[in-house]
Each structure stands twice: as C-alpha cells, then as structure tokens.
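Please keep the sequence and the three-dimensional view side by side while reading. The paragraphs below go through helix packing, then individual residues, then some features of the backbone.

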Amino acid sequence: MDKMWAGRFVKALDKQADDFNSSIRFDARMYKQDICGSMAHAAMLASQKIIGEDDADAIIEGLEGILNDIEKGTLQIDENAEDIHMFVEALLTERIGDTGKKLHTARSRNDQVAVDIRLYLRDESEEIISGIKSLLEAILAQAKQHKSTIMPGYTHLQRAQPIFFAHHLLAYAMMLTRDIGRIEDAKKRMNLSPLGSCALAGTTYNTNRKMTAEKLGFDGITLNSIDGVSDRDFCIELLSAFATLMMHLSRFSEEIILWSSWEFKFVELDDSYTTGSSIMPQKKNPDIAELVRGKTGRVYGDLMAMLTVLKGLPLAYNKDMQEDKEAIFDAIDTVKQCLNVFPPMIEGMKALPENMLNAAKKGFINATDLADYLTKKGLPFRTSYKISGQAVAYCIEKGKVLDTLSLEEYKAFSDIIGEDVYHAIDLNTCVETRISDGGTGSASIDAQIAFVTEFLNK
C-alpha cells in the first residue's frame, strides 16, 4: 500500500524502518474516535461549502459503514497500515472512490491524532470513574456493616488509639472521592477541540472549528494552533491522577495483606480472590492485593515515561509524541484491570471483629484517654500526659494493662483519679467520646457515610 505522503519520495521506506515508524498496533483502539472525528469534519466541510453536500454525505455514509463493519467483527484492521488514520482514509477511498480523498481537506494528521486521543481519553476516564464508584460502594457496604466494630488504629505501624473499623475503611473512601475529582478536573482541561489546527499554523480554508467541537461534545476549541497539536498536558494530568489512584489502591492493598496475615488476622479474604502454594498446602495468599500493589509501579513508570518524552521537545508536533499512546493506554488498561477485581475483593472480605477487639485491648491504646481524663479533672495536659506514661510503664513492669489496675494503684499516680476512670478508659467510651468532626465517633461515621452516599448519588 502506497503511503499517503509518498509524493515527495523516490524510494520506499525501509521495511524495518516502516515497522518501527508504524503505530497501528496500538493506535487501532482509537478507530471509533477517529471515525467520529472524521464524520464531524466532513459535515463541517460541507457546511462551509469547502466540499459539496453530496461528497460529505458519501464520506459520512462510507465512514459509518467502516465503523459498523469493525464493530460487527466483519472488518479486521490491517496491521500493515501505518496508523489508524491512514487505514480508515485508505479504506474509505477504496470503498467510495476519489471522493474519499477530499476528507483530509483542511486537516492534518497532527490535529487528527490530537482530537482522537482527547476523545478516547474522555471515554476511558468515564469508565475509570465508574470503576472507582463501584469500589466506593463496596467500601460503603463494609463500613455500614462495621460501624461498631472496634479495632486498633496505628501510627508508625504501632497500636496507637482505638477506632471503629468503619472509620478506617472510610479513610480510603475519602481518598477515592478525591481521585474522581482529579480525573474530572483533568477532563475539563482536556475537553477542548484541537481539530482544525492542521499541521501547526491553521488553514487557508474558511473552516468552522466551533462546529466540529460542538458535534464532538467539546466545551470549546484550543485557541492556539501550535499548542493545539503539541499539547499533551492532559495525558500527564491523567497519568498523574491514575498514579495517585494506584497509590491509594496500593496502600489499601498493603493493609489488606497485613490484616489477612496470621500475625493480624483482622480479615479473611474470599477464596475467589486468593491463591494457594505449590508446595505449602496451608497457604492462602492475597495475590490479587499483591498484584495491585505491584502494578502501581507500572503506572508510575508510565507517568515518568510521558514526562521524559515531552521534556525536551521543541514546538510543534514531533514524532516523539507517538510515544504518548503506549504509556497512557498501558496505564488505562492497568487501572481498569485493578478496578475490575478490587470491588468484589472488598465485597467478599470478611472482618473478624473478635480478633480486632482483642488486639485493641493490648498495646495501651487508651493511654491518651487516661491523659484526657486527668486533664478534664483540672491537671495541665502535659502533667496528665506524664502521669499516663508512668502508669503505662508500671503496667509493663507488672504485666498488666490500664484496665486491670486497681483504684489503689491508680491513686499512687494521682489522688484525683476516681472510680470513673474505668469508664473513661473503656474502649467503647474511647471511640464514642471522640466527638470532634471527622473523628472516629459514631456521629462522625454517620456523617462520612452520608457524604460518600451523596457523592455517589450526585
């Protein structure tokens, strides 16, 4: 097949160079966006009297036929084509004759690929947002079920203060709502049409870029034609948002891996989302969570690849920019894979409240509450803090916990301690009396659940 650009050349492109130059193996996935963009362009050309109405009708009908044939599976995309744009244009010309050659009037592959990738990423972003929402729903269901399940909260991976399991889960829900916000923000800046920028300088034809932008669902047009074809900021923004999302999924995976270990045994994963060992019959491995954690590095790599490709490019379009697609497509595929398996893994996860409570009873995680108790009795907080620390040291020496100290032992540290200390340091009291907004108290958890529910319903 002759290249569309072959007129200036007397020799054919070397076969290995041709294969190296070709992008059809990865940009073929944008066939729908490419065809839709071309149909909008053809309609605009006719509206502006740049080509005839009959020509535009024939082009649009031919493109619709190609799209239908690809989606029905009766047409295979030719992997010998240079890219998806050339494949579609060549096939269109083959089907409707020279009229098909009029489609590329007032357009370049530079603005064509720029519009295709924006359309494609817009569609894929919606799918990813839908996947995040499915995960939010799974977290919400578990949180509602465990509003009164007490577990130890951690800092430095050391038991710190008692919290409700729902509170811990909802922390991830808050992260995911921000992830959706980041993707939506990137989409807003991305949703401008570069179509009509041509190679870099615009065109001598009296085109109507706003018409094609409106037909394709864009909010407007890019205002500088050089920027229109060379901008890939939206790829970087989305990759950054995806990398942050994967970081959150990785942190969640890490905790699930810890919680499901024998050392914690706070949760048990469903058999459907674990694997066994080829040699150790007792093993139940959290492989799905581990793979999500591992694939996070892959998405980070895609972001770094994209930043590196663009860092030294002069304006406007350069062939280096063909490398944008494999990075962003790989990130999209990876994120979608992870979001396919994560929600059902969370849905099937079984919490083990008794184990959580037993862990919460150890580690002196009510020591802050003892200090708060003394402060409310009139002591300065730093004095209360020191007394609480002394009581902890005494318990460690005697092999006790704060709950089992006698009142006589308590009074040795401060005579203002009374019988009410036992209620103050009871784990249920510790969590329920954390009444500050955003804390682990029941009212706060209800507010968080309401927030996430409203977020999902808007």
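**Helix packing and selected residues**

In this predicted model, helix H4, residues 53–72, and helix H5, residues 84–96, have axes that come within 10 Å and cross at roughly 115°. The crossing in which H4 passes H5 is right-handed. On the H4 side, the residues that meet H5 are Ala-58, Ile-59, Gly-62, Leu-63, Gly-65, Ile-66, Asp-69 and Ile-70. Their partners in H5 are Phe-87, Val-88, Leu-91, Leu-92, Arg-95 and Ile-96. Sorted by class, the residues of this contact between H4 and H5 comprise 10 nonpolar, 2 polar and 2 charged.

Two packed helices are described by the angle between their axes and the distance between the axes. The next pair can be read in these terms. Helix H7, residues 165–190, packs with helix H19, residues 442–457, at an angle of about 30°, and their axes are 10 Å apart. Because angles under 35 degrees count as roughly parallel, H7 is described as roughly parallel to H19. H7 passes H19 in a left-handed crossing. Ala-166, His-167, Leu-170, Ala-173, Met-174, Thr-177 and Ile-180 are the H7 residues that meet H19. In H19, the residues met are Ile-445, Gln-448, Ile-449, Phe-451, Val-452 and Phe-455. The contact of H7 with H19 has 10 nonpolar residues, 3 polar residues and no charged residues.

Attention now turns to single residues. Ser-250 belongs to helix H10, which covers residues 233–259. Is Ser-250 buried or exposed? Its relative accessible area is 13%, and since buried means under 20%, Ser-250 is buried.

Ala-199, by contrast, is located in a loop, between strand E3 (192–193) and helix H8 (209–215). Its relative accessibility is 34%, and Ala-199 therefore counts as partly exposed. Apart from neighbours within four places in sequence, Ala-199 is in contact with Ser-108, Asn-110 and Val-229.

Which form does the peptide bond from Leu-315 to Ala-316 take? This bond is cis, with omega near 5°. Ala-316 is situated in the loop between helix H11 (287–310) and helix H12 (323–347).

Leu-157 is a residue other than glycine, and its phi has a positive value, near 60°. Its place is the loop that runs between strand E1 (150–155) and strand E2 (158–164). With 56% relative accessibility, Leu-157 counts as exposed, because exposed means over 50%.

Lys-265 is not a glycine, although its phi is positive, at about 55°. The loop that holds Lys-265 lies between H10 and strand E5 (267–268). The relative accessible area of Lys-265 is 18%, so this residue is buried.

Note on methods:
Residues numbered from 1 in each chain as written. Predicted model: local features only at pLDDT ≥ 70, side-chain atom pairs only at ≥ 80, totals over all residues. Heavy atoms only, no water. Helix = DSSP H or I, 4+ residues; strand = E, 2+ residues; numbered from the N terminus. Buried < 20%, exposed > 50% of the residue type's maximum accessible area, 1.4 Å probe, protein only. Axes fitted to C-alpha atoms, helices over the stretch in contact; angles between N-to-C directions. Left-handed = near helix turned anticlockwise from the far one by under 90°. Contact = heavy atoms within 4.5 Å. Nonpolar A, V, L, I, M, F, W, Y, C, P; charged D, E, K, R; others polar. Parallel < 35°, antiparallel > 145°, perpendicular 65-115°, else oblique.
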